[in-house]
Amino acid sequence: MAAYAIRRLLGAIPTLFIIVTIAFFMMRVAPGGPFDQERTLEATVMANLNATFGLDKPLWQQYFMYLGNLFQGDMGPSFIYRDLRVHQILGEGLPVSMALGAWALVVALVFGTLLGTIAALRQNSTTDFAVIAVATFGITVPNFVVAPVLSLVFAVILSWLPAQGWGDWNQMILPVIALALPQMAVVARLIRGSMIEALRSDHVRTARAYGLPNRIVVVKHALRAAILPVVSYLGPAAAALLTGSIVVEQVFNLPGIGRFFVQGALNRDYTLVMGTVVIVAVFVVVFNLIVDLLYAALDPRVRYD
Amino acid sequence: MTDTTLPDAPVLTQESRSLWATAMLRLRRNRAAMASLVVLIVMLFAGIFGPLVAPHSYAEVYPEFVKVPPSLTPYPQAEAIEPAAQSALRRARLEIGEISISGGQVSIEVASSREIDPRVSRYIDRSDVFSNAETTVADDGLSGVITADVQQLYFLMGTDGNGRDLFSRILISLRISLLIGFLATAVALTIGVLYGATAGFIGGRVDNVMMRIVDILYSLPFIFFVILLVVFFGRNVVLMFIAVGAVEWLDMARITRGQTLSLRRREFVHAAEAMGVSRKAIIRRHIIPNTLGTVVIYMTLLIPKVILLESFLSFLGLGVQEPLTSLGVLIAEGADNMRNAPFMLFWPALTMTALLFALNFLGDGLRDALDPKDR
């Protein structure tokens, strides 16, 4: 398995390389530069600016410069926030986004599993239908509808929780719920389906025949088998959380990388946008690798060689 | 040994139903899917014809009615007419008597110490609220009645922050969202089906390489690339179709490839090959019709995804630009104004939710109806 991990890690390098290359050249063939303003700058000023940011060199040289800097963890200067370098900006935003995403993932997994299991144990009961209804709702209604509505109800109308900001625990509740809800719905649906199947399987019947208490049968034997589809869903879930956090950070005004990304995109801050894409790509690739390894560890039938 | 008589082969009295006829029958039995179909057809008509028949243009600004709440009664409302008349007549130096309103007509009693010039009605006409003002001066010339038509504007869902009718804007945004949904899906469908069918039909090494590329693309954070594309090449609707379509073709490619692969090994394809049917004819007559069912299912499930992606971009301010609008833009505006005008969030969010529910239920229904597994 260690060999497999290393091979996958090496395989990820060309993928990342392709991403960086596409992003870099897309940025350079785009019409208009970051210094094109309504009032055209004087030629000498423009030349100076271009020289400062290395934009006067040939394209291939710029590309290798960017790559070289990237390897040293430097993503170049931000074109809009003049005094900051991109990795400084992203370094500030990353902890916020990570905390938000991690909490949302935990909430989605725990509550999704709980709801799905309850629904499966009481198949075709009212509880079951209620869970299905909630899950359908959560899957269909997108983040950018849920987040403002939650904010409207709990922050504006009821004023139980703050509508925006970051730092306090109570400021985290609404964003985490808004981000977790759709994923929770998917997890609940997945668990419900696989749990119903697992409860009918031979090994669970055997466990019951041995006279094991119901709780142990469900948690130790059925759930263990039922959780596998959720593990393989973790990859897409992480991607969905990433895009979801762009919206949630925007609605709740959180200083995460998603908001910097949107700000950068709206201001045509090329280096900031590219830096975000690189970070996100690295994250997705690494996360997918972890999920694959986890899957192998949980399901002994899966063998990698 | 006893002779067992084989039961007579059942006589086929009814005509055999085609795949599509059976699917339609099943679909008709699915109540959620049929309700969704009705909702979708209504929305489709609303999107196509709604903006043409709506009383207000989606871009028309009524500066005096900014963020007015939804109401079934016309604007300006009765209690607002009196002040409007008073302020319109302020410069006319008249004593204003009783103001009475009845059914779109207002009559204002006026009096003055000097003779009243019938042309004072022009003051009333200048206001946006009134039109066709006429003055009837009494015989003594010192008092009279001004009558005028009152503008009657219906804002069923209220107006937005610029004083534009929200209902008209929802209609036009439905049109934009559905248009992008269908067109981008068509783009994704074309790329995906061609790519997948090619990979599946040629097979071997080519198939391996082509599918490996799809795998790599799958692991990329595509939404970020769409945003990059939109940022670098400006925001226009055509580019959005292509960008969104170019992102969503991967599923379609995988599905078509799988279908093609399994179809190639089926007896009827072998039979056709043995009979000397050309490759082209096999693809046209056997492969494509048999993949169609699956493709249709995924198409109905793809449309909501595409609409969602477009709205997501518009929500962030990277999609459709003013004065055009889409559901994402309206929801974003509603979210900004939810403190003082919650209806601006409510109606677009409701429309979006209904649209997505309908599309998803119909897609699920179609999948159940066409699923070859329980046939």
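In this predicted model, V145(A), P148(A), V149(A) and L152(A) of helix α6(A) meet L345(B), A349(B), M352(B) and T353(B) of helix α13(B), where two residues are in contact if their C-beta atoms, placed from the backbone, lie within 7 Å. Local features need pLDDT of at least 70 and side-chain atom pairs count only at pLDDT 80 or more, while totals for chains, interfaces and linings use all residues. Residues are numbered from 1 along each chain as its sequence is written, and chains are lettered from A and ligands numbered from 1 in the order in which they are written.

**Helix packing between the chains**
- Helix α6 (residues 143-157) of chain A packs with α13(B) at an angle of about 145°, their axes being 11 Å apart; axes are lines fitted to C-alpha atoms, for helices over the stretch in contact, and angles run from 0 to 180 degrees between N-to-C directions.
- The residues of this contact of α6(A) with α13(B) comprise seven nonpolar, one polar and no charged, with Ala, Val, Leu, Ile, Met, Phe, Trp, Tyr, Cys and Pro counted as nonpolar, Asp, Glu, Lys and Arg as charged, and the others, Gly among them, as polar.

**The wider interface**
- In total, 31 residues of chain B are in contact with 33 residues of chain A.
- On the side of chain B that touches chain A, two or more residues come from each of α7 (222-232), α11 (279-315), α12 (327-336) and α13 (343-370) of chain B, and α13(B) gives the most, with seven residues.
- By class, that side of chain B holds 24 nonpolar, six polar and one charged residues.

**Nonpolar core**
- Of the 156 residues in the largest nonpolar core, V277(A), V244(B) and I331(B) touch the most other members; such a core is a set of buried Ala, Val, Leu, Ile, Met, Phe, Trp, Tyr and Cys residues joined through C-beta atoms within 7 Å, buried meaning that 20 or more other C-beta atoms lie within 10 Å of a residue's own.
- Helix α7 (residues 170-199) of chain A supplies the largest share of this core, 18 residues.
- Not counting residues up to four places away in sequence, I331(B) touches F144(A), V145(A) and P148(A), and also F315(B), L345(B), P348(B), A349(B) and M352(B).

**Sheet in chain B**
- Four strands of chain B form an open sheet in the order β1-β2-β4-β3, with antiparallel pairing, strands being paired if DSSP finds at least two bridges between them.
- β1 (95-102) and β3 (130-137) of chain B stand at the edges with a single partner strand each, so one side of each is left without a neighbour in the sheet.
- β3(B) pairs with strand β4 (residues 143-150) of chain B over six bridges in the antiparallel sense, and T135(B) stands opposite I146(B) in β4(B).

Definitions and conventions. A residue is buried if 20 or more other C-beta atoms lie within 10 Å of its own, exposed if 12 or fewer, and partly exposed in between; C-beta atoms are placed from the backbone.
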